[in-house]
Amino acid sequence: MNTNNTLSFLIGAALGGVATYYALKHQDEIIDKIHELEENLNLDHNELIANAKHKLDQLTQNVQSTIGRFSPHEDKSEEVASIMEELERLRAEVAALKA
């Protein structure tokens, strides 16, 4: 069991040494690549905010149109009123039956 731990430690140390050697040898190339990536990822914050506002406006319009489709319109107000009257009449009948 002790030899397995020693072997694992030696392999880990060897891999760490190789990785450190590679990093030191190619340090300039790695730094150049990092700077290149930073330049490519340099995002314009104003553009991001404008895109976010545009997406929010689209979402708001979609939600409003969905609510508009499923909410009662002015044309249906008479139907709603008649349904409410019918409900009141039924409540009164139920109350009379309970008494």
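Glu 86 has a relative accessible area of 37% and is partly exposed (buried means under 20%, exposed over 50%, partly exposed in between, with a 1.4 Å probe and protein chains only). The model is a predicted one, where local features need pLDDT of at least 70, side-chain atom pairs count only at pLDDT 80 or more, and totals for chains, interfaces and linings use all residues. Residues are numbered from 1 along each chain as its sequence is written, and side-chain values use heavy atoms, with hydrogens and water left out.

Let's look at the chain. It holds four helices and zero strands (DSSP runs numbered from the N terminus: helices are H or I with at least four residues, strands E with at least two). Of its 99 residues, 1% count as buried.

Two salt bridges are counted, each needing a side-chain nitrogen of Lys or Arg within 4 Å of a carboxyl oxygen of Asp or Glu:

| Pair | N to O distance |
|---|---|
| Arg 89 – Glu 86 | 2.3 Å |
| Arg 91 – Glu 88 | 2.9 Å |

Arg 89 and Glu 86 sit three residues apart in helix α4, so about one helical turn separates them. Arg 91 and Glu 88 are likewise three residues apart in helix α4, about one helical turn. Arg 91 is exposed at 52% relative accessibility, while Glu 88 is partly exposed at 44%.

Helix α4 spans residues 77–98 and also contains Leu 90, which is partly exposed at 36% relative accessible area.
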